[in-house]
Amino acid sequence: MGYGDIMKVDTSGASVKTAGQDRLTYAGVPASNTMAQTDLGRMNNYKAIIQEVGGKKDVDPAIIAGIISRESRAGNVLVNGWGDNGNAWGLMQVDKRYHTPQGGWNSEEHLSQGTDILISFIKQIKGKFPSWTAEQQLKGGIAAYNIGVRGVQTYERMDVGTTGDDYSSDVVARAQWYKSQGGF
């Protein structure tokens, strides 16, 4: 798949704050793995369209699943398809303040839009940090999905200021779990 190998991206996983959402007494990659596993039953409902969109967009479906797990817990935290106090739409939480949401909250059209947004951020990070490896650029694009390209300043501190100060590390860890355990 394009945009680097998710299994080669370094990650520290979920912060204590993010792990606390599930009342976990531990953080890091094990916490991200537990949260991804918690979402697996719901995630499997969308597996076919995640794989379809990933194939069409040349994005590893596990990355899409990792974002869906982090953003909406595979739909579990949405109210009538909305999250973030009514500002973000669907499984991938497309923010209506920056984009016009497309499709139903759990549709292929929505996942295509969210994935296109991710691809746009990865490409912008590539332009901003051309010396980074493909895996570093991928992780930067994932961070930008949460904080915007301007928010990504250095590789080592890219999650500073993201939700939970761990967004890309948590998404990467969840994606790695889905790839290795969830069959995405």
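Modeller: The account below takes the helix pairs in turn, then the core, and then the loops and one further residue.

This is a predicted model, in which local features need pLDDT of at least 70, side-chain atom pairs count only at pLDDT 80 or more, and totals for chains, interfaces and linings use all residues. Residues are numbered from 1 along each chain as its sequence is written, and side-chain values use heavy atoms, with hydrogens and water left out.

Two packed helices are described by the angle between their axes and the distance between the axes. Helices here are DSSP runs (H or I, at least four residues), numbered from the N terminus. Their axes are lines fitted to C-alpha atoms over the stretch in contact, and angles run from 0 to 180 degrees between N-to-C directions.

Helix α3 (residues 47–57) packs on two partners. With α4 its axis comes within 8 Å and crosses at roughly 125 degrees; the two helices are therefore oblique to each other (under 35 degrees counts as roughly parallel, over 145 as roughly antiparallel, 65 to 115 as roughly perpendicular, and the rest as oblique). The crossing of α3 with α4 is right-handed, that is, the near helix is turned clockwise from the far one by less than a right angle. Here Ile50, Gln51, Val53 and Gly54 of α3 meet Pro61, Ile64, Ala65 and Ile68 of α4, where contact means heavy atoms within 4.5 Å. This contact of α3 with α4 has six nonpolar, two polar and no charged residues (Ala, Val, Leu, Ile, Met, Phe, Trp, Tyr, Cys and Pro count as nonpolar, Asp, Glu, Lys and Arg as charged, and the others, Gly among them, as polar).

On the α3 side the contact is made by Ile49, Ile50, Glu52, Val53, Lys56 and Lys57, and on the α5 side by Glu108, Leu111, Ser112, Thr115, Asp116 and Ile119. By class, the residues of the contact of α3 with α5 are five nonpolar, two polar and five charged.

Helices α6 and α7 pack at about 120 degrees, with their axes 8 Å apart, again in a right-handed crossing. Lys139, Ile142, Ala143, Tyr145 and Asn146 of α6 touch Tyr167, Ser168, Ser169, Val171 and Val172 of α7.

The largest nonpolar core has 45 residues, and Ile68, Ile142 and Tyr178 have the most contacts inside it. A nonpolar core is a set of buried Ala, Val, Leu, Ile, Met, Phe, Trp, Tyr and Cys residues joined through side-chain atoms within 4.5 Å; buried means under 20% relative accessible area, exposed over 50%, and partly exposed in between (1.4 Å probe, protein chains only). Helices α2, α3, α4, α5, α6 and α7 each supply at least two residues of this core, and the largest share, seven residues, comes from α5.

As for the loops, Asp58 lies between α3 and α4 and Asp165 between α6 and α7. Most residues other than glycine have a negative phi. Asp58, however, has a positive phi of about 60 degrees, and Asp165 one of about 55 degrees. With 37% relative accessibility, Asp58 counts as partly exposed.

Finally, Ala134 of α6 is partly exposed at 33%. Leaving aside neighbours within four places in sequence, Ala134 is in contact with Tyr3 and Gly4.
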